[in-house]
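Keep the picture open as you read.

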Amino acid sequence: RWSLEFKPTDENTRFFTVPSTGAAMLLVKEINRKNMGLTLDVGHMLMAGENPAQSISMVGTKLFGIQLNDGYTRLAAEDGMMFGSIHPTMALEIMYQLKQI
């Protein structure tokens, strides 16, 4: 299986072609292959200003992997904090949505 992990920005280039969950899902739908999906990174979703639980729900069965971490939600911040350490309520919501898939 192939899995794309989006990132809103990169500290080296400040540019990434697929900057959000929505853009990544559009690409996956356009590719239209059963073996193509997404890996979501909670820190990247926060950097993009997304609600991670909502993004997970939107991706559904195309979620092939997840990186559980936390951050302060600043664009270009690579905080890499322990999951739930900054946003404990959000972490619970994420776990609920993951269980729904």
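First, a word we'll need: a residue counts as buried when its relative accessible area is under 20%. Keep in mind, too, that this is a predicted model.

Now find helix α3, which spans residues 52–59. Its buried residues are P52, A53, S55, I56 and V59. Why do they sit on the same side of α3? Because they cover an arc of only 160° around the axis. And what do these buried residues pack against? Their partners are α1 (21–31), β2 (36–41), α2 (42–47), β3 (63–67) and α4 (88–100).

Just past the helix comes G60, which takes a positive phi of about 60°.

Next up is the sheet. Here's some background: strands of a sheet pair through backbone hydrogen bonds, either parallel or antiparallel. In this model, three strands form an open sheet in the order β1-β2-β3, and the pairing is parallel. β1 (2–4) and β3 stand at the edges with a single partner strand each, so one side of each has no neighbour in the sheet. From one strand to the next, the twist averages 30°. Zoom in on β2 and β3 and you'll find four bridges between them, with L38 standing opposite L63 in β3.

α3 lies across β2 and β3, running at about 170° to β2. α1 lies across β1 and β2, at about 165° to β2.

Key:
Residues are numbered from 1 along each chain as its sequence is written. This is a predicted model: local features need pLDDT of at least 70, side-chain atom pairs count only at pLDDT 80 or more; totals for chains, interfaces and linings use all residues. Side-chain values use heavy atoms; hydrogens and water are left out. Buried means under 20% relative accessible area, exposed over 50%, partly exposed in between (1.4 Å probe, protein chains only). Helices (H or I, at least four residues) and strands (E, at least two) are DSSP runs, numbered from the N terminus. The arc is that of the directions from the helix axis to the C-beta atoms. Contact means heavy atoms within 4.5 Å. Two strands pair if DSSP finds at least two bridges between them. Axes are lines fitted to C-alpha atoms, for helices over the stretch in contact, and angles run from 0 to 180 degrees between N-to-C directions.
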